[in-house]
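Let's sit down with a structure and learn to read it one feature at a time. Have the picture open while the questions come up.

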Amino acid sequence: MEKQRGFGFGIGSYAFILIFMCVIQIQCHLHVLALLDPLDFLALQSIRKALEDMPGSNFFASWDFTSDPCNFAGVYCDSDKVIALNLGETRAGSPGLTGRIDPAIGKLSALAEFTVVPGRIFGSLPHSFSQLENLRFLAISRNFISGEIPATLGQLRSLRTLDLSYNQLTGEIPRSIGTLAELSNVILCHNRHSGSVPPFLSQTLTRLDLKHNGLTGSLSTNSIPPSLQYLSLSWNRLSGPVDRILNQLNQLNYLDLSMNQFSGSIPGRIFSFPITNLQLQRNLFTGEVQPVDQVSIPTVDLSFNRFSGGISPMLSTVQNLYLNNNRFTGQVPDSLVDRLMASSIQILYLQHNFLTGIEINPTAEIPLSSSLCLQYNCMVPPVQTPCPFKAGNQKTRPTAQCIELRG
C-alpha cells in the first residue's frame, strides 16, 4: 500500500510539472485559446494565410500565433473577442498587403470595425460579411476588389460607414444598402458600378460619394435624404431634373454634379448653400441663373450647359466664375467688370455664349492676378486677353447665329 501511494504521488507531481512548463515556459496553444475565443483564433489564422505583406511592409511581423493574438498589430479585443481588425500598416505610403479577404472574416462575431489600408487586395467581397451583425465600420479602399457588392450587406443593420472606393467593383449598387437606417457615410467612388442610384432611407446619412462610376437613370425625390452634407455624383451618366432634390437639401457643404446629363433648371437658393465650390459643369441644365442674393461661394462652375438669359449681378462676388459654353445673352453686368479690375475676381470665363456687350476701356490693363475670356460671343471683344486653348481662335460668333438667337 505504501508503494502504491508513493507511485500515485509521483505521477501527480509529474503531471503538475508538465502543465506548469506548458503554461509558464512555452505558452502553448491551449494557453492562447484560453485568452481568445477559439473561433476568433481560427478565423485570424485563416485571414492571415490568405494575405501577405507587400515588399516594404512588415505588418504581419507581430502575428505569431504562439502568443496572444490580442497583441497583434491591428487586432483589438474586448474580453475574449476581436472587436476591431485594421489590416496593414497605417504609416503614410505603406505598400500595403496583397492576397484575398478570407470568408473566415464572418466568424469574428463581435467585429465592429474592419479596415484595410491601400494595397493589392484582390478578389470579391466575401458574402460572409453579412454574418457580422455588430459591424459598424467597413472600409476597404484603394485596392483591387472586384465583382459585385453582395446584396446581403443589407443585413448589416448596425453599419454606419461603407467605404469601398477606388476598387474595381461592378454591377448595381444593391438597393438593400439604401435601406440601412444607421448609415452616415457611403463612399463607393472610382469603381465601375452601373445601374441607377438606389433610394437611401437613412435620415442620418451625411456623406454620399458615388463619383467616377457608370451610373445611369434619374434621381427620385426620395433617393437623397435631406440630412446630406456632402454629395458627389460627378463623372457618371445620370440624367433628369434635380431641382426638387436640391431644394430639400438644407445642410449641404459640398456639391458636385458635374460630368453628367442632368437637365432642367436649378433653384436660385442653391447659391446660398455654405459650400466653397459649386460644380455643375458639363450637364444639360437649362433656364436662367437667378441667385436670390449675393453669392458667397468662392468658385462657381456652370460651364458647358444650356443656361440662357442675362448674367445676374449677384454673381459678381464670386472669385472664380465659369459661365463659358452656354447661351447667356445681353450685356455683362458692370459689377463683374468693376470687381475684375479690382482683382476681386480671379477668373471670369464668358467665352462661347451670345453676349452682346461689355463696358470696359480698350486701353485698360487686366490685373495680372485675373483671367478674362470673352471670345466667340455676339460682340468684338474690346480687349485682347489670353484664353484657354480649347476656346479656339475665333474671336466672334457668326452673325447668323446671333440674329437667329435674337429672333
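What follows is a dialogue about a predicted model, moving through a sheet, a helix, some disulfides and a few single residues.

Q: Where should I start with the sheet: which strands form it, and in what order?

A: A word on sheets in general. Strands of a sheet pair through backbone hydrogen bonds, and the pairing can be parallel or antiparallel. Here, six strands make an open sheet, and reading across it gives β1-β4-β6-β8-β10-β12, with mixed pairing. At the edges stand β1 (51-53) and β12 (192-194); each has a single partner strand, so one side of each has no neighbour in the sheet. From one strand to the next, the twist averages 20°.

Q: How many bridges join β6 to β8, and which residue stands opposite Phe122?

A: Strand β6 (residues 120-123) runs parallel to strand β8 (residues 144-148), and two bridges join them. Opposite Phe122 you will find Phe144 in β8.

Q: And if I keep walking across the sheet, what pairs with β10?

A: On one side, β8 pairs with β10 in the parallel sense over three bridges. Glu148 stands opposite Thr170 in β10 there. Glu172 has Ser194 in β12 as its bridge partner.

Q: Can we zoom in on one residue of the sheet? Is Ile145 buried or exposed?

A: Relative accessibility is the value to look at, and under 20% means buried. Ile145, found in strand β8, has 1% relative accessibility, so Ile145 counts as buried.

Q: What does Ile145 touch?

A: Skip residues up to four places away in sequence, and the residues that Ile145 touches include Ile101, Ile121, Phe122, Ile140 and Leu169. Take Ile101 as an example of how the chain folds back: Ile145 and Ile101 are 44 residues apart in sequence, and their C-alpha atoms are 9.4 Å apart in space.

Q: Now the helices. How do I read one, say α3, and what is its length?

A: Begin with the span. Helix α3 (residues 38-49) has 12 residues and reaches 17 Å from its first C-alpha to its last, close to the 16 Å expected at 1.5 Å a residue. Then think about which way the side chains point. An α-helix has 3.6 residues a turn, so residues three or four places apart point the same way.

Q: Which residues of α3 are buried, and which are exposed?

A: Asp40, Phe41, Ala43, Leu44 and Ile47 are buried in α3. These residues cover an arc of only 165° around the axis, which puts them on the same side of α3. Leu39 and Lys49, on the other side of α3, are exposed.

Q: What about disulfides: how many are there?

A: The rule is a pair of cysteine sulfur atoms within 2.5 Å, and by this rule the count comes to three disulfides. One of them joins Cys70 and Cys77, with the sulfur atoms 2.2 Å apart. This link is left-handed, with -95° about the S-S bond. Cys77 is partly exposed, at a relative accessible area of 25%.

Q: Which parts of the chain does the disulfide of Cys373 and Cys387 tie together?

A: The sulfur atoms of Cys373 and Cys387 are 2.1 Å apart, and the link is right-handed, with 110° about the S-S bond. Cys373 lies in strand β27 (residues 371-373) and Cys387 in the loop between β27 and α7 (399-406), so the pair ties together parts 14 residues apart in sequence. The two ends can be read separately: Cys373 is buried at 0% relative accessibility, while Cys387 is partly exposed at 24%.

Q: And where do Cys378 and Cys402 lie?

A: A disulfide joins Cys378 to Cys402, S to S 2.0 Å, and this link is left-handed at -95°. The pair links distant parts of the chain, with Cys378 in the loop between β27 and α7 and Cys402 in helix α7, 24 residues apart. Both Cys378 and Cys402 are buried.

Conventions. Residues numbered from 1 in each chain as written. Predicted model: local features only at pLDDT ≥ 70, side-chain atom pairs only at ≥ 80, totals over all residues. Heavy atoms only, no water. Pairing = 2+ DSSP bridges. Helix = DSSP H or I, 4+ residues; strand = E, 2+ residues; numbered from the N terminus. Axes fitted to C-alpha atoms, helices over the stretch in contact; angles between N-to-C directions. Buried < 20%, exposed > 50% of the residue type's maximum accessible area, 1.4 Å probe, protein only. Contact = heavy atoms within 4.5 Å. Expected span 1.5 Å × (residues − 1). Arc of directions from axis to C-beta.
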